[in-house]
Amino acid sequence: MNRIQSLYASTIGKKFIASITGLILFGFLLGHVAGNLKVFTGTTADGVPHIDEYGQFLKVAGEPMIPEMFALWSARVVLLVALILHVLVVVQLALLSAEARPINYVKSRKKAATLPALWMMFSGLLILCFIIFHILHFTTGTIRLGKFEHGYIYNNLTHSFSNPVVAVGYVFVMIVLGLHLNHGVWSMFQTLGLDNPDRNKSLRVFATGLTIVIILGFIVVPISFMSGMMPGVVTYSHELLTGH
Amino acid sequence: MKIKLHVWRQSTRTDKGRMESYELDNVVPDMSFLEMMDTLNEKLTIEGHDPVAFDHDCREGVCGMCSMVINGEAHGPKSETTTCQLYMRHFKDGAEIYIEPWRASAFPVVKDLVVDRSAFDRIIQAGGFISNHSGPKPDPNSIPIEPEVAETSLDAATCIGCGACVAACPNGSAMLFTAAKASHLGMLPQGQPERFDRAQSMVKQMESEGFGSCRNYAECEAQCPKGISIAFIGRLNSDFLRASLLEPVDRRGEMKSQ
């Protein structure tokens with residue numbers, strides 16, 4: 001416990017927390033994008049879209065060994081704690097840094113710092129707002145941007161993303177997320193002391209490459225629905241999905 | 001050459017300070033930047049004004065005293081060059097040049113362009129040393145070391161402690177300085193006994209001085225007059241995390257079986 005306290009007290013320790021929580025959130029994104037791409041794999045023999053089936057699987061994963069929703073809520077708690085810690089330490093570090101540089105230069109010039117790196121706080125804030133919005137939109141259905149019915153993921157996507165404003169908005173935020181990851185993923189290696197001149201190029205290519213793959217995976221969904229190239233709304237009985 | 005200067009003027013530590021503009025004629029392209037400043041000061045003195053206070057010492061690029069942010073860059077536009085090694089031929093005739101002090105709350109302005117960098121001395125005092133015997137001089141080359149490691153350690157040791165890294169960092173972080181100092185000792189066999197304590201105590205002192213946190217911009221490396229690599233920051237991160245998370249605290253504690 002003492003170790004964690006003294007680690008948290010230091011800026012490097014806070015950055016360590018930011019990088020580990022960032023890694024957890026990055027891992028979640030990988031899973032999320034893989035799940036999303038199920039919208040393109042069609043339906044089961046019963047006519048249930050794979051993505052709806054996958055959503056149902058997440059709810060009942062581990063049953064009957066563990067109760068329904070338990071795995072899902074465990075993951076949600078881990079992600080929520082990771083997100084809160086990530087934001088908390090970053091805000092603390094930003095306040096500290098603002099105090100360390102109270103007066104800016106009249107004339108300022110950056111030689112190496114990239115814009116995505118300098119804009120991490122802005123991209124992060126936008127992503128945070130988006131996460132809240134996205135949960136209220138597609139998870140709880142509190143924000144209605146089209147017809148919404150719990151569990152009918154494919155249809156909900158069709159209804160929301162047929163509105164170009166919603167689709168373009170999602171694409172925009174995903175590009176911002178890409179900029180955040182492009183710096184953040186490499187930065188994680190540097191903060192953990194894992195980068196060195198031997199691996200630097202590979203790690204940066206890895207960070208950028210994986211970011212591009214993830215972001216393309218995310219934006220292809222709203223673009224496909226918006227362009228009308230996806231098969232329309234699917235109707236099937238709820239029993240087929242839940243099995244009871 | 002004719003140039004227009006905008007210089008930060010601040011009479012005391014508590015003075016609010018402001019930018020003031022001066023025009024300078026007859027600047028010779030082969031003057032160093034500091035000689036140009038000397039010329040400005042002669043002119044100001046003759047006119048009965050207070051000359052611009054600025055730090056300087058060796059004027060050959062090794063002491064680390066000169067400290068000016070010139071046109072938004074620590075030590076000016078020429079990379080891996082200290083202000084004293086910057087020449088007026090690096091500027092165009094009629095150039096407008098902005099000169100400001102290092103900006104960081106850990107480096108308070110003493111007067112005009114002079115800042116108090118004693119925070120760096122205290123970071124060194126916290127861990128920038130090795131334990132050595134005080135007996136007779138050891139035989140040369142009696143401690144084996146891989147030449148590449150020795151060279152890398154010397155790369156870190158080229159740090160002249162000027163503070164350009166702090167001045168360049170948008171967060172006013174002193175990680176490059178601290179990492180260079182911790183690494184140049186921590187990579188050598190003689191620096192091993194204190195290696196992990198050093199990482200912790202130097203970082204602790206750095207933070208208590210009020211420097212900001214590293215955001216991996218690499219702006220410090222780009223503006224470092226010695227081109228010291230951010231690889232040393234990664235190394236310090238690694239040593240610090242290992243010291244904080246893995247190094248035993250209770251080495252001689254009791255163990256039981258079960």
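Visitor: How many residues does helix H9 of chain A have, and what distance does this helix reach from its first C-alpha to its last?

Guide: The model is a predicted one. In chain A, helix H9 covers residues 200-226, which is 27 residues. At 1.5 Å a residue the expected span is 39 Å, and the helix comes close to it, reaching 39 Å.

Visitor: Which helices of chain A do the buried residues of H9(A) pack against?

Guide: The buried residues of H9(A) include A:Ala207, A:Thr211, A:Ile214, A:Ile215 and A:Phe218. Residues three or four places apart on an α-helix point the same way, because there are 3.6 residues a turn. In chain A, the buried residues of H9(A) pack against H2 (11-36), H7 (153-161) and H8 (164-191).

Visitor: Which residue just after H9(A) takes a positive phi?

Guide: Helix H9 of chain A comprises residues 200-226. Just after H9(A), a positive phi of about 80° is taken by A:Gly228.

Visitor: How many helices and how many strands does chain A have, and what percentage of its residues is buried?

Guide: The elements of chain A, read from the N terminus, are α-α-α-α-α-α-α-α-α-α. That chain has 10 helices and zero strands. Of its 244 residues, the buried share is 27%.

Visitor: Among contacts in chain A between residues at least 6 apart in sequence, what percentage joins residues at least 24 apart?

Guide: The C-alpha trace of chain A spans about 60 × 45 × 40 Å along its principal axes. Among the contacts between residues at least 6 apart in sequence, those joining residues at least 24 apart make up 70%.

Visitor: Turning to chain B, which strands stand at the edges of the sheet, and why is one side of each left without a neighbour?

Guide: The open sheet of chain B has five strands in the order S2-S1-S5-S3-S4, with mixed pairing. Each edge strand has a single partner strand, so one of its sides has no neighbour in the sheet; in chain B these are S2 (18-24) and S4 (73-74).

Visitor: Which residue in S4(B) is the bridge partner of B:Val69?

Guide: Strand S3 of chain B, residues 69-70, runs antiparallel to S4(B), and two bridges join them. The bridge partner of B:Val69 in S4(B) is B:Ala74.

Visitor: How do the residues of domain 1 of chain B on the side that touches domain 2 of chain B divide into nonpolar, polar and charged?

Guide: Chain B is divided into domain 1 (3-110) and domain 2 (117-245), and their centres, taken over C-alpha atoms, are separated by 28 Å. In domain 1 of chain B, 17 residues are in contact with 18 residues of domain 2 of chain B. The residues on the domain 1 side divide into eight nonpolar, six polar and three charged.

Technical notes. Residues are numbered from 1 along each chain as its sequence is written. Chains are lettered from A and ligands numbered from 1 in the order in which they are written. This is a predicted model: local features need pLDDT of at least 70, side-chain atom pairs count only at pLDDT 80 or more; totals for chains, interfaces and linings use all residues. Two strands pair if DSSP finds at least two bridges between them. Helices (H or I, at least four residues) and strands (E, at least two) are DSSP runs, numbered from the N terminus. A residue is buried if 20 or more other C-beta atoms lie within 10 Å of its own, exposed if 12 or fewer, and partly exposed in between; C-beta atoms are placed from the backbone. Two residues are in contact if their C-beta atoms, placed from the backbone, lie within 7 Å. The expected span of a helix is 1.5 Å times one less than its number of residues. Domain bounds come from an automatic or database domain assignment. Ala, Val, Leu, Ile, Met, Phe, Trp, Tyr, Cys and Pro count as nonpolar, Asp, Glu, Lys and Arg as charged, and the others, Gly among them, as polar.
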